[in-house]
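Colleague: I am new to this structure. Could we go through it together?
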Amino acid sequence: QVQLVETGGGLAQAGGSLRLSCAASGRIFRINIMGWYRQAPGKQLELVATMFSRGSTNYADSVKGRFTISRDNDKNTVYLQMSGLKPEDTAVYYCNAEVQASRYEIGVDCWGKGTLVTVSS
């Protein structure tokens, strides 16, 4: 089993910054993709940013230029540096990872329990 634990959520003022972290632990051979999704009240889950193991990234248009995703592959950890926060960034942020438990197994989608980010105006 693989566990993803997010930390770093909380309250920020508009224009401020927060940094989220997500550490994966358990039976891990390789993590192919790590990323962040979010769900605002009354809205669907949406992609925020993802990062492949070799470094390529993908961002939602709404966060480009404000958020930066990074990874520490040795620590199986992904980060999300959020700057220029807006009230519309308020959401529960979920960590996601596609994890291979061994070289002979396919990657499995894993999710954290989420961390709440609230941005006040």
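Colleague: In which strand does Asn-32 lie?
Modeller: Asn-32 lies in strand S4, residues 30–39. Strands are DSSP runs of E with at least two residues, numbered from the N terminus. This is a predicted model, where local features need pLDDT of at least 70, side-chain atom pairs count only at pLDDT 80 or more, and totals for chains, interfaces and linings use all residues. Residues are numbered from 1 along each chain as its sequence is written, and side-chain values use heavy atoms, leaving out hydrogens and water.

Colleague: Is Asn-32 buried or exposed?
Modeller: Asn-32 is buried, at a relative accessible area of 17%. Buried means under 20% relative accessible area, exposed over 50%, and partly exposed in between, with a 1.4 Å probe and protein chains only.

Colleague: Which residues is Asn-32 in contact with, leaving aside neighbours within four places in sequence?
Modeller: They are Met-51, Phe-52, Ser-53, Arg-71, Glu-98 and Gln-100, where contact means heavy atoms within 4.5 Å.

Colleague: Changing topic, which residues does the disulfide join?
Modeller: The structure holds one disulfide, joining Cys-22 to Cys-95 with an S to S distance of 2.0 Å. A disulfide is a pair of cysteine sulfur atoms within 2.5 Å. The pair links distant parts of the chain, 73 residues apart: Cys-22 is in strand S3 (residues 18–26) and Cys-95 in strand S9 (residues 91–100). Cys-22 is buried at 0%, and Cys-95 is likewise buried at 0%.

Terms used. Helices (H or I, at least four residues) and strands (E, at least two) are DSSP runs, numbered from the N terminus.
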